[in-house]
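User: I would like to go through this structure step by step. Could you help me read it?

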Amino acid sequence: MTDTSAPGNPNPPQDPNDQKPAAPVMRVLGQYVKDLSFENPGHAPVQSQPNIDLGIDVGATPHADGNGLFEVSLKLSAKALADGKVMFISELDYAGLFQLQNVAQDQLEPMLLIEAPRLLFPFARRIIAEITREGGFPPLLIDPVDFVALYQAQVRRANTAGTPTQQ
């Protein structure tokens with residue numbers, strides 16, 4: 001069965017008499033692995049539950065082409081320790097290219113540092129789970145991340161240090 005209907009226009013023409021501002025739009029133009037590392041320094045039978053040290057970092061940079069394009073990077077790192085030995089170290093830099101339109105300046109940073117990583121996270125989580133499984137360990141299933149709280153903590157740190165948040 002085929003669908004002969006054409007896809008809707010993502011930018012419908014605006015009525016010049018309509019005074020409502022256009023709604024903010026965020027498009028995911030692409031997502032990709034920028035860097036991936038998995039180290040398995042000594043795979044030995046684990047007698048106890050490993051202690052997992054997890055790190056999460058989010059950053060956004062304007063794309064060189066402009067046009068409301070931003071690269072948002074979600075960095076996940078995990079280090080498993082058991083009985084004083086490093087079981088594995090995994091680092092992933094997963095990024096997406098986002099196009100933002102009709103976004104107020106005060107909403108730009110929250111969209112880039114909360115909403116964009118929220119969209120990237122399930123894919124990055126799956127990659128970490130698969131790479132740890134392929135490394136001979138049970139898959140590391142990272143709990144969902146509260147990107148609002150992460151962003152608020154980043155803003156508090158920046159305000160304390162007197163520097164703007166990362167963008």
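User: Where is Asp83 found?

Analyst: Asp83 is found in the loop between S3 and S4. Strands (E, at least two residues) and helices (H or I, at least four residues) are DSSP runs, numbered from the N terminus. Before we continue, please note that this is a predicted model, in which local features need pLDDT of at least 70, side-chain atom pairs count only at pLDDT 80 or more, and totals for chains, interfaces and linings use all residues. Residues are numbered from 1 along each chain as its sequence is written, and side-chain values use heavy atoms, with hydrogens and water left out.

User: Is Asp83 buried or exposed?

Analyst: Asp83 counts as exposed because its relative accessibility is 56%. Buried means under 20% relative accessible area, exposed means over 50%, and partly exposed lies in between (1.4 Å probe, protein chains only).

User: What about the phi of Asp83?

Analyst: Asp83 has a positive phi of about 50°, although it is not a glycine. The hairpin of S3 and S4 to which this residue belongs has 2 residues between the strands.

User: Which residue has a positive phi of about 60° although it is not a glycine?

Analyst: That residue is Asn102. Asn102 lies in the loop between S4 and H1. It counts as partly exposed, because its relative accessibility is 47%.

User: Let us step back. How many helices and strands are there?

Analyst: The protein has 2 helices and 4 strands. Along the sequence they follow the pattern β-β-β-β-α-α. Buried residues make up 31% of the 167 residues.

User: In what order do the strands lie in the sheet?

Analyst: The 4 strands form an open sheet in the order S1-S4-S3-S2, with antiparallel pairing. Two strands pair if DSSP finds at least two bridges between them. The edge strands are S1 (25-39) and S2, each of which pairs on one side only. From one strand to the next, the twist averages 15°.

User: How many bridges join S1 to S4?

Analyst: There are 13 bridges between S1 and S4, which run antiparallel. Within this part of the sheet, Ser37 stands opposite Glu91 in S4.

User: And how many bridges join S3 to S4?

Analyst: S3 and S4 (residues 85-101) are joined by 14 bridges and run antiparallel. Leu76 stands opposite Leu92 in S4.

User: How do S2 and S3 pair?

Analyst: S2 (residues 51-62) pairs with S3 in the antiparallel sense over 12 bridges. Ile52 stands opposite Ala80 in S3, and Gly55 stands opposite Ser77 in S3. The two strands form a hairpin with 6 residues between them, and Gly66 in the turn has a positive phi of about 75°.

User: Why is S3 described as largely enclosed?

Analyst: S3 (residues 69-82) has 10 buried residues out of 14, so it is largely enclosed by the rest of the structure.

User: Which residues touch the most other members of the largest nonpolar core?

Analyst: They are Val72, Leu74, Phe88 and Leu112, in a core of 31 residues. The elements that give two or more residues to this core are S2, S3, S4, H1 (105-134) and H2 (147-161). H1 provides the largest share, 11 residues. A nonpolar core is a set of buried Ala, Val, Leu, Ile, Met, Phe, Trp, Tyr and Cys residues joined through side-chain atoms within 4.5 Å.

User: What is Phe88 in contact with?

Analyst: Leaving aside neighbours within four places in sequence, the contacts of Phe88 include Phe38, Ile52, Ala78, Phe137 and Leu140. Contact means heavy atoms within 4.5 Å.

User: Now the helices, please. At what angle do H1 and H2 pack?

Analyst: H1 and H2 pack at an angle of about 140°, with their axes 9 Å apart. Axes are lines fitted to C-alpha atoms, for helices over the stretch in contact, and angles run from 0 to 180 degrees between N-to-C directions.

User: Which residues of H1 and H2 meet?

Analyst: Among them are Leu113, Ile114, Pro117 and Phe121 in H1, and Phe147, Val148 and Tyr151 in H2.
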